[in-house]
Amino acid sequence: MAGKRHVILGSGTAGLNAIRTLRQLGDDGPIVLVSAEAPYSRMVLPYYLARRITEPHVTTATGRQLDEWGVERQIGRRAEGLDTQAAKLRLDNGEDVAYDDLLIATGSSALRPPIPGAEHARCFNFWTLDDAKGVSKTISPDAHVVMVGAGFISFTILNGILERAGRLTIVEVAPRILPRMIDDAGAALVTDWLIERGVTIRAGAEITRIAEQGQGLRLTFAEGDSIDADLVLMATGIRPNLGWLDGSGIETNQGILVDEYLRSNVDNVYAAGDVAEGRNRVTGAREVHAIEPTAMEHGRIAAANMAGKKIAYPGSLLMNIVSAAGLDMASFGSWDDDGAEVIAAQAPARRAYRKYLFRGGRMVGAILIESAGETWSGNDVGMLKGLVQSGVDLSAWKSHLAERPFEIKKPYLATGTTARLLPETIIGQPSPAM
Amino acid sequence: MKVLSISPERCTGCMRCELACAYMQSGAYQPAKSVIRVAPLEMHTSYAPFTCFQCDEGWCMTACPVDAIAISAVGAKIVSDDQCVGCKLCTIACPYGTIFYDEDTHKATKCDLCGGDPACVEACPTQAIEWVEGDAADWLGEFAARRAGTDLTGLAAVE
């Protein structure tokens, strides 16, 4: 008897990992992939912009690969509605797609701020492959680029902009850069680093109008002054693609609410990635973690459960790393937990910053900032992830870390973190080759 | 499967493993290019060589957005330089801190078990690193824990 008919909605990281996992686990049921775009990786678009890779490199599954997996495709199609009673998905061409179980992995979309003029052809998001192509075509070596929004997405393309444009100005409405990735002290350090490298940063500034000015654009601030730009990049936030679920009965908050099996309130409907609101591994609360590793883990766990395994997910760990002009910055878990006990230190001569956050003996979050050369001379980036992930008891090591905040290897080793981590796998078995 | 078994009590801190590894990985005798790192304990009176466990999950491999990490014939998770874009995602996914980023090549770099003939094993004069049949284990935990309270007194920490 053939297995269940799986419909996967979305070909991003969550959707593709789900397809691969179904086949890796020996599930031979029919798979239908419905996706607005052909499969590619958003994560590597900054390297396309920086001309380190060409367009074929961003593809994550070729037609041949999907054929090998026996995936029936509806590419270029969006879902417009869901009837969970009839177990049917309604597509934008009016067609219905029946499923035994459904994975919703529709991801998220970039927001365009409600600034008059923001729809101008020289204003871009940097979210889709088409966005990346548009920016890549328009940017020029003498261009002045203005980035509106100083969050993670902006920072992933900062190196590419610096390589391909003449000048960069970053405008952020919050009082400082990277408001959702690092803390005030870290942001101050990064700001100084970038200013020294010729980047203009204007935080706490709101743009009220964008208008054509000669060949380029003029951006007017709330304060009344203005700057001219050849190209404007908008990265002011993203929103899960949920609207099409209105009236479907699928329970949502910020995202689709999912249980430890990545299942929604409807038994045979799963959700994964940016569109899912699942358990936070550190706090236990349900949150949307719109990051690549969460999409990958969600996709694999959902697929394992769709394949009939009963695999519970301990929750996703918030983590980010980005490098800007040679300065690496990474944060893990509850790095912004106001109620946590904090150990923080700077080594100003090395431009290095560390912050560790504790709840009792457990490290619940961490921030690391330092020059790339320093980061990769040690094991600390991953070890911090291991400490937060494993939740080992560091009670006996807090005084050590307070005295020697840059020596985390010893507490990592001595608390047996490795022994705690070695048995852990995401889907309850060793990962086969990808 | 064979694994790199580490006996820290035999390590003298001579760092030959790091030099051999760096040479195998990059063709240069630069310890910064080594993917085995010898941690000094007790103010440099004992040492703990630390490298990839080739763990079951393969956190680096599953995290890679472009499938640049594969499993070799000898069970090593190996980075394909052609595929790797240098996004560093693997370096925050690996909870052991044993995959690195090479600033010169813009690629991730990690232990590939030298294709089945690990240079660190050959270079170690005291058999602190051995290439043996078995499972990966926490080779250093107890050793480091025993030495936790024995920092030499009266000396300032070297940061």
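Predicted model: local features only at pLDDT ≥ 70, side-chain atom pairs only at ≥ 80, totals over all residues.
**View 1. Strand E2 of chain A joined to its neighbour E3(A).** Strand E2, residues 31–35 of chain A, runs parallel to E3(A), and 5 bridges join the two.

**View 2. The open sheet of chain A.** Stepping back from that pair, you can follow 5 strands of chain A in the order E3-E2-E1-E7-E19. Their pairing is parallel, and the sheet they form is open. Which strands stand at the edges? They are E3 (71–75) and E19 (269–271) of chain A; each has a single partner strand, so one side of each is left without a neighbour in the sheet. From one strand to the next, the twist averages 15°.

**View 3. Helix H1 of chain A on the sheet.** Here helix H1, made of residues 13–24 of chain A, packs on the sheet. Helix H1 touches strands E1 (6–9), E2, E3 and E7 (101–104) of chain A. The direction of the helix makes about 170° with that of E2(A).

**View 4. Where chain A touches chain B.** Now we turn to the contact between the chains, which takes 48 residues from chain A and 46 residues from chain B. Several elements of chain A each supply at least two residues to its side, among them helix H7 (292–306), strand E22 (319–324) and helix H12 (417–421). Which element gives the largest share of this side of chain A? That is H9(A), with 8 residues. Sorted by class, the side of chain A that touches chain B has 24 nonpolar, 15 polar and 9 charged residues.

How values were computed. Residues numbered from 1 in each chain as written. Chains lettered and ligands numbered in written order. Pairing = 2+ DSSP bridges. Helix = DSSP H or I, 4+ residues; strand = E, 2+ residues; numbered from the N terminus. Axes fitted to C-alpha atoms, helices over the stretch in contact; angles between N-to-C directions. Contact = placed C-beta atoms within 7 Å. Nonpolar A, V, L, I, M, F, W, Y, C, P; charged D, E, K, R; others polar.
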